[in-house]
Amino acid sequence: MRYPYLLFDADDTLFDFPKASMGAFAKMCEKHDIPVSEESYRLYHEINVELWAAFDRGEVSKEYVTLERYVRFLSALGLARDPAACNRDYLEALGSGVYPLPHAEEVCRTLKERGHRMYIITNSVASVQQNRIKNSVFAAFFEDSFISEEAGAAKPDPAYYAYVRKRVPGLTAENTLAVGDSLSTDILGANRAGLPCCWYNPAGKPRPAALRIDYEIRSLRELLEIV
């Protein structure tokens, strides 16, 4: 066994986040009498991505992101709605949206049967991710989940990985592989923490020269041959 310990990102690595997000957005809009369309979701998504990128750079807090995205979204539509209530209802609906990505369940079950110790590492909102993990097939496969909101630091900050290491006795840079889709959080974070990493890149995006990528996979099934 090359890597007994595996650290998995959650959204867009194990979970289909866009599907969950679109469903939660539609439920929130229905509750608050907001027009639902491809255009309105695209506007929300663009605002959301911009704010989370600022969070990843350490410029704003998670609390700021989750509220401000609805402040900007409602302002752009010219609607007088309560952004805090919109955010609350969106997060509640998101927590129940559990959609595993292709082969994720199969791969995690196989790894568990082989004896790997698996953990989820995520920057998501704690209440949302806790519910999604608890209500998913993955609850039976993973030893624990480490959520940035509870850790006091977020990927790619080395302090986040130090938090994880303190809670997983035996985890080292030699026996652990970090797996994720995001270059700016998962791969950069593993680089900064001195951990081997596997980039899940189903879309075949160009490989950046500035980052160390030990492995690159298009399908999660390929991971079984690596670890």
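The accessible surface of the chain comes to about 10,500 Å², and 51% of this surface belongs to carbon and sulfur atoms; areas come from the Shrake-Rupley method with a 1.4 Å probe. The model is predicted: local features need pLDDT of at least 70, side-chain atom pairs count only at pLDDT 80 or more, and totals for chains, interfaces and linings use all residues. Residues are numbered from 1 along each chain as its sequence is written, and side-chain values use heavy atoms, with hydrogens and water left out.

**Overall form**

- Along the principal axes, the C-alpha atoms fill a box of roughly 55 × 35 × 35 Å.

**Interior**

- Of the 227 residues, 50% are buried, meaning under 20% relative accessible area with a 1.4 Å probe, protein chains only.

**Secondary structure and helix packing**

- The chain contains ten helices and six strands, which are DSSP runs (helices H or I, at least four residues; strands E, at least two) numbered from the N terminus.
- Helix H8 (residues 158-167) packs against helix H9 (residues 183-193) at an angle of about 75 degrees, with the axes 9 Å apart.
- H8 and H9 are therefore roughly perpendicular to each other, a term for angles of 65 to 115 degrees.
- Pro158, Tyr161 and Arg165 of H8 make the contact with residues of H9 including Thr185, Asp186 and Gly189, where contact means heavy atoms within 4.5 Å.

Conventions:
Axes fitted to C-alpha atoms, helices over the stretch in contact; angles between N-to-C directions. Parallel < 35°, antiparallel > 145°, perpendicular 65-115°, else oblique.
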